[in-house]
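Let's take a friendly walk through one structure, with its strands, its rings and a piece of its surface. Keep the 3D view open as you read.

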Amino acid sequence: MPDANVDHIYDYDPKFLADILKSVKTIAMVGASADKTKFSYGVLRVLHETGYDMIPVNPNPALNDIRGLKVYPSLAAIDRPVDMVEVFRRKEELYSITEEAIAIGAKVLWGQIGVYDDAAAKLAEDAGLKVVMNRCPKIELFRPFWKPRLDLAI
């Protein structure tokens with residue numbers, strides 16, 4: 001693994017995030033779950049209902065579909081182009097998933113909240129991918145409509 005001392009920035013310009021979410025159509029979600037109590041299920045559901053072509057990726061051979069969407073055992077098994085790879089796995093797995101995302105020609109690598117690795121970010125960026133880490137696309141998608149009221153008492 002390359003040197004992990006790359007200073008990748010996790011504080012992204014909102015326009016950068018919005019442009020990604022406007023430009024991608026097909027999202028492969030590595031670590032998708034059929035368990036409705038899991039955060040990955042909720043994110044998959046919202047992104048799918050918003051109009052994204054969602055591709056669940058989970059190596060469990062007993063898992064054939066999530067919400068009627070065919071589940072693929074790996075990124076390499078996907079039978080169509082993928083714009084973005086969203087990662088719901090441990091950050092220790094991100095580097096190898098990045099290698100797979102590059103191999104399938106993805107344009108964006110997105111690490112979910114808690115999923116970040118500077119070496120993986122550098123690898124992806126050097127291969128021409130846009131990179132977002134430690135963020136949730138569901139949250140970013142609705143951020144322009146959410147205005148916190150920090151002046152209210154708890």
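## Before you start

This is a predicted model, in which local features need pLDDT of at least 70 and side-chain atom pairs count only at pLDDT 80 or more, while totals for chains, interfaces and linings use all residues. Residues are numbered from 1 along each chain as its sequence is written, and side-chain values use heavy atoms, with hydrogens and water left out.

## The sheet

Let's begin with the strands (DSSP runs of E, at least two residues, numbered from the N terminus, as are helices, which are runs of H or I of at least four residues). Five of them make an open sheet with parallel pairing, in the order β2-β1-β5-β6-β7. Two strands count as paired if DSSP finds at least two bridges between them. The edges belong to β2 (53-57) and β7 (130-132); each has a single partner strand, so one side of each has no neighbour in the sheet. On average, neighbouring strands here are turned by 15 degrees against each other, direction ignored, using axes that are lines fitted to C-alpha atoms.

Now look at β6 and β7, which pair in the parallel sense over three bridges. Leu 109 stands opposite Val 131 in β7.

## Two aromatic pairs

The structure holds two aromatic pairs. Rings of Phe, Tyr and Trp (its six-membered ring) pair if their centres lie within 6.5 Å; planes under 30 degrees apart are stacked, over 60 edge-to-face, and the rest tilted. Tyr 12 and Phe 16 are stacked because their ring centres are 6.0 Å apart and their planes at 15 degrees. Tyr 12 is buried at 10% relative accessibility, whereas Phe 16 is partly exposed at 28%. Here buried means under 20% relative accessible area, exposed over 50%, and partly exposed in between (1.4 Å probe, protein chains only).

Phe 39 and Phe 88 have ring centres 6.1 Å apart and planes at 65 degrees, so this pair is edge-to-face. The pair links distant parts of the chain, 49 residues apart: Phe 39 lies in helix α2 (residues 39-50) and Phe 88 in the loop between β5 (84-87) and α3 (94-103). Phe 88 is buried, at 15% relative accessibility, while Phe 39 is partly exposed, at 43%.

Ile 113 sits in the loop between β6 (108-111) and α4 (118-126), and is partly exposed with a relative accessible area of 47%.

Note on methods:
Axes fitted to C-alpha atoms, helices over the stretch in contact; angles between N-to-C directions.
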